[in-house]
Amino acid sequence: MKPRWAIGLTLATCVVAASNAYGFEEIRLSTTTDSSRGELAVSGSVVVWTDSRGLCGYDFRTGQEFVTSSRSCGTLSVSGNTVVWSENGDIYGYDLATHTEFPISTSAAGQVHPAISGNVVVWVDGRSDPGDIYGYDLSTHTAFPICTHAGHQNHPRISGRIIVWQDDRNNKMDIYGYDLASQSEFPICTRPGNQQFPGVSGDFVVWNEQNVDVYGYDLAAQTEFAICTDPAGQSGLNIGDNVVVWRDDRGNGDIYGYDLSKRITFPICLNAAEQTAPAASANIAAWADSRNGSRDIYGAVIPEPATLALLALGGLAVMRRRKRNT
Ligand SMILES: [Ca+2]
Ligand SMILES: [Ca+2]
């Protein structure tokens, strides 16, 4: 069941005349003119990013931006109240509720690209070879190896007990996974070509195919499916709950989404400026946006899946009109 704020915001989005032509009310989340850096991340109602002030965020429940005391930098990940990031080859965390920063892994080798789900943090670790996957349980304060196979394992993501990453052990990029419950590794996609930058949410694994398309795999049904194969490039994909988002080059650097429950694609932001680095949860999409000159953070409330189906039709009509006019 969705939290009450989400229902209220969804209704508001339906009632208020949407500020873009395909149903999403775009909101500027960052108030500084300093350019943001790296990626952004979403968990529930909260969007976090890093800019010159340090770790910043916006909570859709309060409609307020917040600036923390943390100096966090670069690529970050958030789950509940915990934000994690890599800094000078170490992994740190920040608790948004207690406003405290804490180290997670500071071993001599380099640790980069952290991701978090619940109490488990995973990252790329260089202590044995160019890239292995390690994890840390915040509740038991224990670190553990996840994949130390020869070859380069990179870009780990985690959802619950499932960890996924890209792996070049077969001399090309494949997607592998690990189940924390059974402590077993398994291949997800090892076919020819490069599969990279995976994401995972529940039973769904998604990845970038050959640097241009988006594919998914249902771990429960053990079936693969195409999410977006438009001839233009798709990149920077991210997944949160049932929503996949990516940057799409079919227009002018836009943000698109895909609802895994309804299996529908919908445009989120087609603004003429460049949009990049999207992230999402069930209710929220956020991205970096250059419409004001600086790299600002924008976001939008994602309507219920049933409403999305109608909006997708409207959005497709907008795209067709745009195509006719060019
Ligand atoms: Ca390795
Ligand atoms: Ca654009």
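## Close-up views of a predicted model

**Figure 1. Val243 in strand E23 of the predicted model.** Val243 belongs to strand E23, which covers residues 243–248; the model shown is predicted. With 27 other C-beta atoms within 10 Å, Val243 is buried, because the threshold for a buried residue is 20 or more such atoms. Apart from neighbours within four places in sequence, the residues in contact with Val243 are Gly257, Asp259, Ala280, Ala282 and Ile302. A further distance can be given for Thr265: the C-alpha atoms of Val243 and Thr265 are 9.8 Å apart, and the two residues are separated by 22 residues in sequence.

**Figure 2. The protein chain as the setting of the close-up views.** Two helices and 28 strands make up the helix and strand content of the protein chain. Of its 326 residues, 49% are buried. When contacts between residues at least 6 apart in sequence are considered, 42% join residues at least 24 apart.

**Figure 3. Strand E15 and its buried side chains.** Strand E15 comprises residues 162–167 and is mostly covered, with six of its six residues buried. Ile162, Val164 and Gln166 point one way from E15. Ile163, Trp165 and Asp167 point the other way, and these residues too are buried.

Figure 4. Strand E14 (residues 153–159) runs antiparallel to E15, and five bridges join the two. Within this pairing, Arg157 has Val164 of E15 as its bridge partner. Two residues lie between the strands in the hairpin of E14 and E15, where Gly160 adopts a positive phi near 60°. Strand E16 (residues 174–179) also pairs with E15 in the antiparallel sense, here over six bridges. Val164 has Gly177 as its bridge partner in E16. The hairpin of E15 and E16 has six residues between the strands, and in this hairpin Asn171 takes a positive phi near 65°.

**Figure 5. The open sheet E18-E19-E20-E21.** Four strands form an open sheet in the order E18-E19-E20-E21, with antiparallel pairing. Its edge strands are E18 (195–201) and E21 (223–228), each of which pairs on one side only. From one strand to the next, the twist averages 25°. Strands E19 and E20 run antiparallel and are joined by six bridges. Val206 stands opposite Gly216, a residue of E20.

**Figure 6. Gln210 in the loop between E19 and E20.** Gln210 is located in the loop that lies between strand E19 (204–209) and strand E20 (213–218). Although Gln210 is not a glycine, its phi is positive, at about 55°. Most residues other than glycine have a negative phi. Gln210 is partly exposed, because 13 other C-beta atoms lie within 10 Å, a count between the limits of 12 or fewer for exposed and 20 or more for buried.

Figure 7. Arg263 is not a glycine, yet has a positive phi of about 55°. With 11 other C-beta atoms within 10 Å, Arg263 is exposed, since residues with 12 or fewer are placed in that class.

Notes. Residues numbered from 1 in each chain as written. Chains lettered and ligands numbered in written order. Predicted model: local features only at pLDDT ≥ 70, side-chain atom pairs only at ≥ 80, totals over all residues. Pairing = 2+ DSSP bridges. Contact = placed C-beta atoms within 7 Å. Axes fitted to C-alpha atoms, helices over the stretch in contact; angles between N-to-C directions.
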